Amino acid sequence: HHVDGIRSDAINMVHLGQDRLQQLVAVSLRYFDLASRDQAPALSQVAPMWKLDRLLREPERAELLEARGIRVLNRIPAELCVEACDRELGEVLSLLIDNAVQFSDDGSEIVASGEPEDDGQHVVICIADQGKGIDSEQLEGIFKPFFMVGSHHRADGFGLSLPMARVMIEQMGGRIWAQSAGRGQGARLCIRLRMQVP
C-alpha cells in the first residue's frame with residue numbers, strides 16, 4: 001500500500017505539473033501576443049472605482065479575501081474617469097489586486113486610491129499593500145518577464161502578471177511603476193492614465 005501511496009502522489013504531481021505547464025504556456029502566449037500587437041486597443045471613458053468594485057465582488061476573490069481576513073478598501077473616487085481600454089484596465093486592476101493579496105499577510109489591509117495630478121490632465125491610481133515589500137533595486141525588475149523576487153515568490157503568476165500589466169497600461173498611453181520603503185514594509189503599485197472629464 002505504501003508503494004501505491006507513493007505512486008498516486010507521483011501521478012498527482014505529474015498532473016499538477018501538466019496543469020501548471022499548460023497555464024504557463026497560455027500566460028506566456030498571451031503576454032507575447034500583447035507585447036507584439038501592432039495596434040493599441042480602442043480607448044473609452046472608464047471609471048476605475050466601479051471596475052474595482054465589480055472585481056472585488058467576484059465570488060472566488062471575495063471568498064479568498066474573507067478566508068484570509070484581508071480587507072480591500074476601495075477609496076478611488078466614484079466620479080473619477082480615465083481614458084483606457086475598459087476590458088484591459090479591468091484585467092490590470094485584477095492582476096494588481098491579486099498580486100497585493102499574494103504578498104499580504106492574513107488579516108492585513110490593501111488600499112486602492114486614485115487622484116488627479118496637479119496638471120489636471122492625468123490621474124494616478126495606487127494599490128497599496130502591507131505585505132513583504134520590495135528592495136529598491138528590484139522595483140523595476142518586477143516588471144520584467146519571469147523576474148523572481150527571492151526564489152519562491154510569484155510562483156503562480158509565473159513572473160508574468162506585472163509585465164503583462166505594464167504592456168497593457170503602456171499601450172493605453174499610461175505608465176505603471178512600483179514604490180516600496182523596502183523589505184517588510186509593503187508596496188504600492190501606481191498607474192498613471194489620462195483623465196477623462198465626464
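Guide: Let's start with a term: two residues are in contact when heavy atoms lie within 4.5 Å of each other. The model is predicted, so local features need pLDDT of at least 70 and side-chain atom pairs count only at pLDDT 80 or more, while totals for chains, interfaces and linings use all residues. Residues are numbered from 1 along each chain as its sequence is written, and side-chain values use heavy atoms, with hydrogens and water left out.

Visitor: Okay. What does Leu89 touch, leaving out residues up to four places away in sequence?

Guide: Leu89 touches Val46, Val82, Ala84, Ile169, Met172 and Leu193. In sequence, Leu89 and Met172 are 83 residues apart. Their C-alpha atoms are 9.0 Å apart in space.

Visitor: Where does Leu89 lie?

Guide: In helix α4. Helices (H or I, at least four residues) and strands (E, at least two) are DSSP runs, numbered from the N terminus.

Visitor: Is Leu89 buried or exposed?

Guide: Buried, at 0% relative accessibility. Buried means under 20% relative accessible area, exposed means over 50%, and partly exposed is in between (1.4 Å probe, protein chains only).

Visitor: New topic. How do α2 and α3 pack?

Guide: Helix α2 covers residues 48–57 and helix α3 covers residues 59–68. Their axes are 5 Å apart, at an angle of about 75°. That makes α2 roughly perpendicular to α3. An axis is a line fitted to C-alpha atoms, for helices over the stretch in contact, and angles run from 0 to 180 degrees between N-to-C directions. Angles under 35 degrees count as roughly parallel, over 145 as roughly antiparallel, 65 to 115 as roughly perpendicular and the rest as oblique.

Visitor: Which residues make that contact?

Guide: From α2, Leu55, Leu56 and Arg57. From α3, Pro59, Arg61, Ala62 and Leu65.

Visitor: How many residues of α2 are buried?

Guide: 7 of the 10, so α2 is largely enclosed by the rest of the structure. They are Pro48, Met49, Lys51, Leu52, Asp53, Leu55 and Leu56.

Visitor: Now charges. How many salt bridges are there?

Guide: The count comes to 14. A salt bridge is a side-chain nitrogen of Lys or Arg within 4 Å of a carboxyl oxygen of Asp or Glu. One of them joins Arg68 and Asp106, at 2.6 Å from N to O.

Visitor: Where do those two sit?

Guide: In distant parts of the chain, 38 residues apart. Arg68 is in helix α3, and Asp106 is in the loop between α4 (86–102) and β4 (109–116). Arg68 is partly exposed at 21% relative accessible area. Asp106 is exposed, at 56%.

Visitor: What does Arg192 pair with?

Guide: With Glu117, in a salt bridge whose closest N and O atoms are 2.9 Å apart. Arg192 is in strand β7 (residues 187–194), and Glu117 is in the loop between β4 and β5. Arg192 is partly exposed at 23%, and Glu117 is partly exposed at 27%.

Visitor: And Asp135, which residue does it bridge to?

Guide: Arg183, with the closest N and O atoms 3.7 Å apart. Asp135 is in the loop between β5 and α5 (161–171). Arg183 is in the loop between β6 (175–179) and β7, 48 residues away. There is a network too: salt bridges that share partners join Arg37, Arg87 and Glu88.

Visitor: What about Asp129, where is its place?

Guide: In strand β5 (residues 122–129). Asp129 is buried yet has no salt bridge. The nearest side chain of opposite charge, Lys132, is 9.1 Å away. For charge, Lys and Arg count as positive and Asp and Glu as negative; His and the chain ends are not counted.

Visitor: Which backbone nitrogen does the side chain of Asp129 reach?

Guide: That of Gly131, at 2.8 Å. Leaving aside neighbours within four places in sequence, Asp129 is in contact with Ala100, Ser104, Glu109, Ile110, Gly186 and Ala187.

Visitor: Last one. Where is Met195?

Guide: In the segment after β7. Met195 is partly exposed, at 22% relative accessibility. Beyond four places in sequence, its contacts include Cys81, Val82 and Pro116. Cys81 is in the loop between β2 (71–75) and β3 (82–84), and is buried at 9%.

Conventions: Polar contact = N/O pair within 3.5 Å; in protein donor to acceptor, adjacent residues only side chain to side chain.
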